[in-house]
Amino acid sequence: MREHYLDDTIAAPATAAGVGPIGIVRISGPDALRIADSIFVSKDGKKPSSYETYTVHYGHIQDIDEVLLTVMRSPKSYTKEDVVEINCHGGIQAVKKVFDLVIKYGARVAQPGEFTKRAFLNGRIDLTQAEAVLDVIKARTEGSLKAAVGQLEGSLYKDISGMLDSLTSIASSIEASIDFPEEDMDIIKEDALGAKIEIILDKMKNLIDSFSEGMILREGVLAVICGKPNVGKSSLMNLLLKRDRVIVAPIPGTTRDAVEEMISLNGVPIRLVDTAGIGEANDVLYKESALKSKRYIEKADMVLLMIDASTKINEEDLEIIRLVEGRKKLVIVNKIDIGGKDISQKSLHSLFKDNAIVEISIEKKKNIELLEKSILDMVWSGKYAQGEGAILTNARHKELLDKAFDSMLSVSNAVKDAMHPELIAVDLKEAIFNLGLIVGRSVSDDVLNKIFENFCIGK
């Protein structure tokens, strides 16, 4: 994306390309109203530049289409600039012709994310809120949406800016003790200073510790269903999806390729993979399918290992059990409605003494709620419940917060050792700098471009 130009006017379709009931063309910048005046013909004969802010008007874009035109005047708009949105019919040609006309009359085609970038550069939102816009758009579950909306509403910004305010106050006192040594300021020796630093360190650590849970909400968990042929893997996949996605048949080896789908369990995105059965290889295709299943198991965040309750544990089961040894797994014993005598509780607990075991019947839909709860318990390891506070979901934030935390540990140790204020000030400034980068203070153009290049063009 080219460098910051805030003195020109940009435009882009704000709705996805394709056929739909409504298409929106968004214009932002100093010439937005002038362009609207040139192309919009209202029923009352008035020009958009005469309209009050936050008003919607019916008319036509020349002879192209009938539209609704919305005016949002600076500074109370998304970008803090004059913004005009043209709502036309959602056909490909209608949107294209309206957009082309807007460009013809002086707007520039917006770069990806440039509307949100302008909102940040004009001070309407901080950088964490700008990043959250994309997270809201990409949210796939209730949990990921909640985390993204919280960040968009400023939860992370409030925490980071609060730390920055505290650190800036501490830095001012330390700088004063350096600049005016004759005043005999004992700021470094005060117990209150150490207590303030410890409070900030605790806040930083709590945010850092939330990152693994935040990444689960943002990216999801890769859960791989595995087991020998005909144990019920595809049936489990369909059951959790609540639709018939995978072919199910009593013939072993029906599934010949891995199938991946996203499900939501209590707001948590789970990337569920149904793998081909792993067992004795009968042909080249079967060998390749089993090899692909093993690759999925290697990269899985958790394994859903299925055991057939209607048969004894055999060498095929044992091979898979050895394959997933050391992996985070939930043992699912299926077909308890027709089995249970051939597989004993003693043998199960002997094989899986360190793993949770859930006995179910997919056919009878027995213990399915317990299974879903067990999957969630394994995702969170029994230690997390999404609350109302800020949570880290972004690797950029985590990296910068780690650096700030390390700097503050050095500050804490230096204060305890009563070291010279100038040495303390160096690490303190480094912590302030890295926290500032999180919310967008002194951030480079390269970082901004990398953040916004993943946005769609109309946002």
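Modeller: Let us begin with a loop. Proline 75 is found in the loop between strand S5 (65-72) and strand S6 (83-89). Please bear in mind throughout that this is a predicted model.

Colleague: Which residue is joined to proline 75 by a cis peptide bond?

Modeller: The cis bond joins serine 74 to proline 75, with omega at about 5 degrees. The loop between S5 and S6 also holds lysine 80. Lysine 80 is not a glycine, yet has a positive phi of about 70 degrees. Its relative accessibility is 32%, so lysine 80 counts as partly exposed.

Colleague: Where does tyrosine 54 lie, and what is its phi?

Modeller: Tyrosine 54 belongs to the loop between strand S3 (40-42) and S4. Its phi is positive, about 60 degrees, although tyrosine 54 is not a glycine. With a relative accessible area of 52%, tyrosine 54 is exposed.

Colleague: Which residues make the nonpolar surface patch of about 270 Å²?

Modeller: Val56, Tyr58 and Leu68 make that patch. Valine 56 is in strand S4 (residues 55-61) and is exposed, at a relative accessible area of 52%.

Colleague: Let us turn to charged pairs. How many salt bridges does the structure hold?

Modeller: The structure holds 21 salt bridges. In reading one, consider the distance, the place of each partner in the chain and the exposure of each. The side chains of aspartate 100 and lysine 96 meet at 2.8 Å, N to O. Both residues lie in helix H2 (residues 92-104), 4 residues apart, about one turn of the helix. Aspartate 100 is partly exposed at 35% relative accessible area, and lysine 96 is partly exposed at 44%.

Colleague: Which parts of the chain does the salt bridge between arginine 396 and glutamate 131 link?

Modeller: The side chains of arginine 396 and glutamate 131 form a salt bridge of 2.9 Å, N to O. This pair links distant parts of the chain, 265 residues apart: arginine 396 is in helix H14 (residues 395-416) and glutamate 131 in helix H4 (residues 127-138). Arginine 396 is buried, at 16% relative accessible area, and glutamate 131 counts as buried at 6%.

Colleague: Are the partners in the salt bridge of aspartate 317 and lysine 228 buried or exposed?

Modeller: The side chains of aspartate 317 and lysine 228 meet at 2.9 Å, N to O. Aspartate 317 lies in helix H11 (residues 315-323) and lysine 228 in the loop between strand S8 (221-226) and helix H9 (233-241), so the pair ties together parts that are 89 residues apart in sequence. Aspartate 317 is buried, with a relative accessible area of 3%, and lysine 228 is buried, with 5%.

Colleague: Which side chain of opposite charge is nearest to aspartate 274, and how far away is it?

Modeller: The nearest is lysine 233, 5.6 Å away. A salt bridge requires a nitrogen-oxygen distance within 4 Å, and aspartate 274, although buried, has no salt bridge. Aspartate 274 is in strand S10 (residues 268-274), and its side chain makes a polar contact of 2.7 Å with that of serine 234.

Colleague: Finally, what can be said of the chain as a whole?

Modeller: The chain has 16 helices and 13 strands. Of its 459 residues, 49% count as buried. Among contacts between residues at least 6 apart in sequence, 68% join residues at least 24 apart.

Terms used: Residues are numbered from 1 along each chain as its sequence is written. This is a predicted model: local features need pLDDT of at least 70, side-chain atom pairs count only at pLDDT 80 or more; totals for chains, interfaces and linings use all residues. Side-chain values use heavy atoms; hydrogens and water are left out. Helices (H or I, at least four residues) and strands (E, at least two) are DSSP runs, numbered from the N terminus. Buried means under 20% relative accessible area, exposed over 50%, partly exposed in between (1.4 Å probe, protein chains only). Lys and Arg count as positive and Asp and Glu as negative; His and the chain ends are not counted. A polar contact is a pair of N or O atoms within 3.5 Å; within protein, one must be able to donate a hydrogen and the other to accept it, and residues adjacent in sequence count only if both atoms are side-chain atoms. Patches are made of residues with over 30% relative accessible area and no salt bridge: like charges are joined within 9 Å, nonpolar side chains (Val, Leu, Ile, Met, Phe, Trp, Tyr) within 5 Å. Accessible areas come from the Shrake-Rupley method with a 1.4 Å probe; for residues, only the protein chains shown count as cover. Contact means heavy atoms within 4.5 Å.
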